[in-house]
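Please open the model in your viewer and keep the selection tool at hand.

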Amino acid sequence: METDPHELRNLLRLALLEDIGDGDHSSLASVPENATKRAKLLVKQDGVLAGVEVAQIIFDETAKYYGYPLPKIDVLLFDGSVVSTGDIVFTVEGNARLILKAERLVLNIMQRMSGIATYARQMSDLIKDLPVKLLDTRKTTPNFRLFEKMAVKIGGAVNHRMGLYDMIMLKDNHVDYAGGIEAAITGANKYLKETGRKMKIEIETRNLAEVDEVLRVGQVDIIMLDNFSLDNLREAVKRIGGRYETEASGNITEKTLRAVAETGVDGISSGALTHQARSLDLSLKAF
């Protein structure tokens with residue numbers, strides 16, 4: 001996934017405005033204007049770290065937007081590091097009001113990203129010896145997808161598609177609305193030709209009969225096998241015979257992942273990577 005730095009900074013500015021509004025009145029009321037202080041980011045739960053680079057940008061954006069000198073940040077642990085309770089990720093030294101303004105956004109983003117990275121690492125490790133990709137989905141938090149996708153990648157899984165704009169994925173409703181598999185595939189290829197766009201086409205199938213119809217029509221890149229039994233997954237992979245990429249989906253958890261991977265599919269998509277991950281406990285403490 002290519003991250004647009006402008007998009008990332010724009011999202012962070014909006015998040016700062018959401019939290020600070022017309023001022024951090026707690027700090028304005030109690031903390032001297034020019035006080036210089038230090039804080040450390042403390043790990044309170046074992047896991048995989050994510051969001052360190054984002055945290056540095058948050059401090060940078062907070063300083064620039066509110067007119068503070070840039071703080072000094074000493075990074076001790078980096079994105080992707082396996083961390084334990086008591087570890088110190090980084091220290092920050094700068095204007096006290098700046099640190100307090102940025103504190104909650106840093107923690108909210110890093111805790112969420114680290115939780116996702118931790119779960120993605122746990123899931124990826126279950127199949128790391130098999131030639132299969134663990135893929136994320138669009139089941140993400142609105143306006144937070146960029147950060148969640150970054151965390152998935154840091155954790156060792158693979159970003160599938162960012163949104164509706166970077167791939168044609170014909171799911172069950174597309175097929176039904178189009179009038180069937182052949183109509184949906186034909187329409188997708190016609191659209192790409194007329195618009196001059198170059199995109200992969202993936203189509204969802206719900207049973208072996210639909211797999212056979214896709215094989216008859218062709219003109220796709222990936223065949224999704226949605227909520228197939230293990231036996232039907234193996235049979236579908238056999239029928240497809242390497243002519244197209246295969247992707248298994250539907251209720252993929254740590255309990256089912258290994259068995260699905262062993263059916264021979266090329267990829268496994270799991271919305272659980274983002275919507276089931278629990279935040280990792282972190283804290284920013286003055287010292």
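The stops that follow go from the overall fold to helix packing, salt bridges and a surface patch.

Begin with the whole chain of this predicted model, which has 11 helices and 12 strands and whose C-alpha trace spans about 75 × 40 × 25 Å along its principal axes. Of its 287 residues, 48% are buried.

Next, select residues 208-217 and 230-240, which are helix 8 and helix 9, and you will find their axes 10 Å apart at an angle of about 15°. Because angles under 35 degrees count as roughly parallel, these two helices are described as roughly parallel to each other, and helix 8 passes helix 9 in a right-handed crossing.

Now move to Lys-200 and Glu-245, whose closest N and O atoms are 3.3 Å apart in another salt bridge. Lys-200 sits in the loop between helix 7 and strand 8, while Glu-245 belongs to strand 10, so this pair ties together parts that are 45 residues apart in sequence.

Finally, select Leu-14, Leu-17 and Tyr-65, which make a nonpolar surface patch of about 310 Å². Leu-17 lies in helix 1 and is partly exposed, with a relative accessible area of 36%.

Key
Residues numbered from 1 in each chain as written. Predicted model: local features only at pLDDT ≥ 70, side-chain atom pairs only at ≥ 80, totals over all residues. Heavy atoms only, no water. Patch = residues over 30% accessible without salt bridge, like charges linked within 9 Å, V, L, I, M, F, W, Y side chains within 5 Å. Areas by Shrake-Rupley, 256 points an atom, 1.4 Å probe, with all protein chains shown as cover. Salt bridge = Lys/Arg side-chain N within 4 Å of Asp/Glu carboxyl O. Helix = DSSP H or I, 4+ residues; strand = E, 2+ residues; numbered from the N terminus. Buried < 20%, exposed > 50% of the residue type's maximum accessible area, 1.4 Å probe, protein only. Axes fitted to C-alpha atoms, helices over the stretch in contact; angles between N-to-C directions. Parallel < 35°, antiparallel > 145°, perpendicular 65-115°, else oblique. Left-handed = near helix turned anticlockwise from the far one by under 90°.
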